[in-house]
Amino acid sequence: MSEKQGLTSYSEGFGIFNKVHEQEFDVVNKNYLRLFMLNTENKLFNYDELYEYLLPNIARYVFDRKKLAEAEQNPIKQSLILTEAIGHLRKITSDKDRGAGGELGEILLYLFFEQDLKAPKLFSKVEFKTNNMDYIKGSDGIHYKFKETPDGKKVLQLIIGEAKILDSLHAAIKDAFISIDTYLTENIQDRLLIDTHLLNQFVDEDEAAELKDYILKIPRKKKENVFGIFVGYSIDYQGETDTNDEYNQKVIEENVKQVLAQEKEIIKFINEYNISNYEFNFYFLPFHNAMKDRKNIMKQVTAGRRYYTREV
């Protein structure tokens, strides 16, 4: 990736996510499981660190490169852009709303793809909403990166993102595959959006021209679709009788066990849906109480809180 094909998110602060395990697994193509965890303090995940990293990245997630570049050149726009970005996020108005806080997964997917996978954003789901587009069956985001084939040819990978945060790890994985199946069988919106809005994503004309060669031109240069999946879930391990130091180590070990126990199920889903012709990149992050925590975090983000307050 050239310097011009830069990331849109801030790298400073991404170190709050600790990569505790990574492994490849083959179905046909190589696929990847990457397990991350937040730091713990008094046997609690540091959601305050997560919140303080999320907040300055909200505008980077919501808006395209052209709007961000315009804001950087205008002090007034720069001071207002975070408030404007927060205004595009879904407000949480009811404790009975089962979808409350779901956008947290989409934001985390964006950050992991950019900062760990080094795959810059083409579109985030919320960008489609800001354009008043019906985007029910589309992906949660599209990123891109280049790979090199064994014979030295450059291939563009479009990374189609799906994000799920549920209490049940297995249910979140299952729902992700259902969404992928819907995307493959019913979606044409991503293609239309790439065709019509690609140039909005790039300030640099050379960068836009390179991607057009892979995406828009006929015949196109070689490209392929890859699926990236972010899964947030409730960790099973409680460790009530652990000391703080014991918990710090055991919660990592138990998280790895909990996720790797799902590897066979993931392979089963790939085969059942006949999608072994795609590469999969999984990102896992545990929460104490995933559904409750995602709602509380996003409730404070959409309220414009400067600091996170733990809900008891």
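## How two helices cross

Axes here are lines fitted to C-alpha atoms, for helices over the stretch in contact, and angles run from 0 to 180 degrees between N-to-C directions. Helices (H or I, at least four residues) and strands (E, at least two) are DSSP runs, numbered from the N terminus.

The model you are looking at is predicted: local features need pLDDT of at least 70, side-chain atom pairs count only at pLDDT 80 or more, and totals for chains, interfaces and linings use all residues. Residues are numbered from 1 along each chain as its sequence is written, and side-chain values use heavy atoms, with hydrogens and water left out.

## Helices H1 and H11

Let's start with helix H1 (residues 47-62) and helix H11 (residues 290-302), whose axes come within 11 Å and cross at roughly 45°. H1 and H11 are therefore oblique to each other. The crossing of H1 past H11 is right-handed; that word is used if the near helix is turned clockwise from the far one by less than a right angle, while anticlockwise gives left-handed.

Which residues in H1 and H11 meet? From H1 come Tyr47, Leu50, Tyr51, Leu54, Leu55 and Ile58, and from H11 come Asp293, Ile297, Gln300 and Val301, where contact means heavy atoms within 4.5 Å. Together, the residues of this contact divide into 8 nonpolar, 1 polar and 1 charged. For this count, Ala, Val, Leu, Ile, Met, Phe, Trp, Tyr, Cys and Pro are nonpolar, Asp, Glu, Lys and Arg are charged, and the others, Gly among them, are polar.

## The sheet

Now find the open sheet of 7 strands, which has mixed pairing and the order S1-S2-S9-S8-S7-S6-S5. Two strands pair if DSSP finds at least two bridges between them. At the edges stand S1 and strand S5 (121-124), each with a single partner strand, so one side of each is left without a neighbour in the sheet. From one strand to the next, the twist averages 20°. H1 lies across S1, S2, S5 and S9, and runs at about 95° to S5.

## Strand S9

Strand S9 (residues 279-287) has 9 of its 9 residues buried, so it is largely enclosed by the rest of the structure. Buried means under 20% relative accessible area, exposed over 50%, and partly exposed in between (1.4 Å probe, protein chains only). Glu279, Asn281, Tyr283, Leu285 and Phe287 point one way from S9, while Phe280, Phe282, Phe284 and Pro286 point the other way.

How many bridges join strand S8 (residues 223-234) to S9? There are 9, and these two strands run parallel. Strand S2 (residues 30-38) also pairs with S9 in the parallel sense, over 4 bridges. In S9, Tyr283 is the bridge partner of Phe230 and also of Arg34, whereas Phe282 is the bridge partner of Leu33.

Is Thr8 buried or exposed? Thr8 lies in the segment before strand S1 (17-26), and it is buried, with a relative accessible area of 4%. Leaving aside neighbours within four places in sequence, Thr8 is in contact with Arg60, Arg65, Tyr110, Glu114 and Lys121.

Asn42 sits in the loop between strand S3 (40-41) and strand S4 (44-45). Its phi is near 55°, a positive value in a residue other than glycine, and Asn42 is exposed, with a relative accessible area of 55%. Asn274, in the loop between helix H10 (263-272) and S9, has a positive phi of about 55° although it is not a glycine. Asn274 is exposed, with a relative accessible area of 65%.

Methods:
Angles under 35 degrees count as roughly parallel, over 145 as roughly antiparallel, 65 to 115 as roughly perpendicular and the rest as oblique.
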